[in-house]
Amino acid sequence: MRIPAHSVCTAIRDDIVAGVYERGSRLTEELLARRYGVSRVPVREALRTLEAEGFVVTRRHAGACVAEPTELEASDLLEMRMLLEPLGAARAAQRRTEAHLKVLRGLVRLGQERARRGHSEDLRSLGGWFHETLAQASGSPALTSTLGQLRHKIAWMYAVEAPANPAESWAEHGGIVDAVARGDSERARAITALHTERASAAHRLRFPGGGDRPERVRTSQHPVNMTGLRH
């Protein structure tokens, strides 16, 4: 496989998330350069970036290795997302463009259609695109980048159970878009907080053990009133 040098970081990150490289395994520049068909220079730069992101650690006498996050660190990621996703939605209500709205509405239509037909295999990717677009609509590159890193790391550390009621989940997506379209920051924040909290409860660690077991994420005791939202 040969990829452009500027894409080396993305390729290594994707392979870490996919489990191609096991946690704790060594990442030698020579082998990586050979695998991706590039010189060692972009590989070295990619490893530095991935270390800053938390996917890679440098160990004495071993060099670069895939990180081995603890359960507590994994739990922190879900809590961070539950704080930042609602912030991004609130910012999107203030800063979104018509292009963002068009994409978000299109994704909601597709998601609701797939949910009705029981095409669960498509819903995860559609949900990922939805939240990525919502983050971009926030108009904050720093927030968009941080949320993107969180999504990658959460996908690496957790398996996600399919929602028991995907139609309800996509109704929440639709409610978020309605609030964003109206410029209602607080409504967008509240629905996204509910949605993210429910989604977090469906996450299960891929690598349990090692460190204190985090408390299971609880669903909200104060659900947002969804009455009147378009479906």
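A pocket here is found on a 1 Å grid over the protein atoms alone: it is an open set of points where a 1.4 Å probe fits, with protein on both sides within 12 Å along at least five of seven lines, and its lining residues have an atom within 4 Å of a point. Volume is the space filled by probe spheres set on those points, which are joined across faces, edges and corners. With that in hand, the largest pocket comes out at about 1,500 Å³. Its lining has 49 residues, and R81, R124, G127, G128 and V160 sit closest to the centre.

Some ground rules: this is a predicted model, so local features need pLDDT of at least 70 and side-chain atom pairs count only at 80 or more, while totals for chains, interfaces and linings use all residues. Numbering starts from 1 along each chain as its sequence is written, and side-chain values use heavy atoms, leaving out hydrogens and water.

Which element gives the largest share of that lining? Helix α6 does, with 10 residues. At least two residues each also come from other elements, including α4 (71–95), β3 (158–160) and α9 (185–200); helices (H or I, at least four residues) and strands (E, at least two) are DSSP runs numbered from the N terminus. By type, the lining splits into 17 nonpolar, 17 polar and 15 charged residues, where Ala, Val, Leu, Ile, Met, Phe, Trp, Tyr, Cys and Pro are nonpolar, Asp, Glu, Lys and Arg charged, and the others, Gly among them, polar.

On to the rings. Phe, Tyr and Trp (its six-membered ring) pair if their centres lie within 6.5 Å, with planes under 30 degrees apart called stacked, over 60 edge-to-face and the rest tilted. That gives 2 aromatic pairs.

| Pair | Centre distance | Plane angle | Type |
|---|---|---|---|
| F55 and W156 | 5.4 Å | 35° | tilted |
| F130 and W170 | 6.3 Å | 75° | edge-to-face |

F55 lies in the loop between α3 (40–53) and β1 (56–59) and W156 in helix α7 (residues 141–157), so this pair ties together parts 101 residues apart in sequence. F130 in helix α6 (residues 120–136) and W170 in helix α8 (residues 166–182) are 40 residues apart. Buried means under 20% relative accessible area, exposed over 50%, partly exposed in between (1.4 Å probe, protein chains only). F55 is buried at 0%, W156 at 2%, F130 at 0% and W170 at 3%.

Finally, confidence: pLDDT is the predictor's confidence in each residue, from 0 to 100. The protein's mean is 88, and 89% of its residues reach 70 or more. Over residues 210–231 pLDDT stays under 50, and the model has 40 contacts (heavy atoms within 4.5 Å) beyond four places in sequence for them.
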